[in-house]
Amino acid sequence: MKKLRAIVLIAVLSGVSGCATTNKDPLEGINRGIYKFNDVADRYAMKPVAKAYKAVAPTPVRTGISNFFSNLGTLTTIVNDLLQLKFAQAFTDAGRFVINSTFGIAGFIDVASMDNVPKHQEDFGQTLGYWGVGSGAYLVLPILGPSTVRDASGLFIDTVTSDPITYLHNTGQIRAHNQVRAVQLLDRRTQLLDATDLVDNASIDPYAFMRDAYLQRRASLIQDGLVPQELLQDEFEPADEEDAPAQSDLQPSSSADAVLLQSAAPIEGANETTQVVESATETESLAATTDTTMAVEPAAEISESAEMTPEAIDELPPLLEQADQSIEDAPTLESDAAALVAGVDETLITLEAATPAAQ
């Protein structure tokens, strides 16, 4: 009857803890004191014993003991699988327990893992979180370490209801119960040797590091391994859609708009350069046309067109008048035509001199 009252009281406290609070560690002063006590007790008592146990016990023995306690914890996982309505997972975990308890010699050999049977971990604290109960305030329990109001309540309920070691105490085997529980704590502490060394060496504030790591891990377990969104919101909050520029704003709507934008951009000296290029092009084209005409027409017509009278100059394209400074260094049309006429005159004189002789 007393146990039932305690369970109801813890359930009520867990329900009250469902009201989310911004500060997850309102008892930080008390928690740091308990953390300091645990650290001293661990450094001078539990850690040396765990190191001695690891050095003395062979690896197969330590692995077998770990498998034994892990197999016992499968019963708690099965109960909470059912409470979370995960029936397929409960069936898998029940098969795992039967295989290891029989073929694995009471769980000392993890035969189920050899057969690739998945392993799950569920407790009543996760069940409360699954049904929407908040974690409540962060707590540091003596000897046991980090927890929360919800997880501490779930640990008590699991220990009373589904932990096989507790039945040793209930049946009057108190000494056996204490011995098995001590070996269980020693096994857990041995598994955490490397982790505690990493925390002490890598973190500036081991207490804060342990607290944040525990809360994140528990939130991930409740969501079956997914990263909780509330843990990523502060550091990886996406930008508002209103502030983000639309894709249509980043790119022109059409190629015609792009050409229009490019042509509208002011370019210093562009007009003068364009005029120079166009003038040079017109000059080269006119010179080529004149050369071709001179080669075909009689010499008299070539001479008249090459004299570049004022009337001819007036008939030139207007662009030639704008290229006076840009093509000063280039050879003019008049000089080219004069040289060509001189060559034609010499050819005609030579032909006239040779004609009487031929007659």
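Helix axes are lines fitted to C-alpha atoms over the stretch in contact, and angles run from 0 to 180 degrees between N-to-C directions. Helices are DSSP runs (H or I, at least four residues) numbered from the N terminus. This is a predicted model, in which local features need pLDDT of at least 70 and side-chain atom pairs count only at pLDDT 80 or more, while totals for chains, interfaces and linings use all residues. Residues are numbered from 1 along each chain as its sequence is written, and side-chain values use heavy atoms, with hydrogens and water left out.

**Helix packing**

Helix α3 (residues 59–83) packs against helix α9 (residues 174–191) at an angle of about 115 degrees, their axes lying 10 Å apart. The two helices are therefore roughly perpendicular (65 to 115 degrees). Arg62, Ile65, Ser66 and Phe69 of α3 meet Val180, Val183, Gln184, Asp187 and Gln191 of α9 (contact: heavy atoms within 4.5 Å).

**Salt bridges**

The structure holds 13 salt bridges, each defined as a side-chain nitrogen of Lys or Arg within 4 Å of a carboxyl oxygen of Asp or Glu. Three of them are tabulated below.

| Pair | Closest N and O atoms |
|---|---|
| Arg96 and Asp110 | 3.0 Å |
| Asp151 and Arg218 | 3.1 Å |

Glu28 and Arg32 both lie in helix α2 (residues 28–56), four residues apart, about one turn of the helix. Both Arg96 and Asp110 are buried (under 20% relative accessible area, 1.4 Å probe, protein chains only). Asp151 and Arg218 are also both buried. Salt bridges that share partners join Asp123, Arg150, Asp151 and Arg218 into one network.

Key:
Parallel < 35°, antiparallel > 145°, perpendicular 65-115°, else oblique. Buried < 20%, exposed > 50% of the residue type's maximum accessible area, 1.4 Å probe, protein only.
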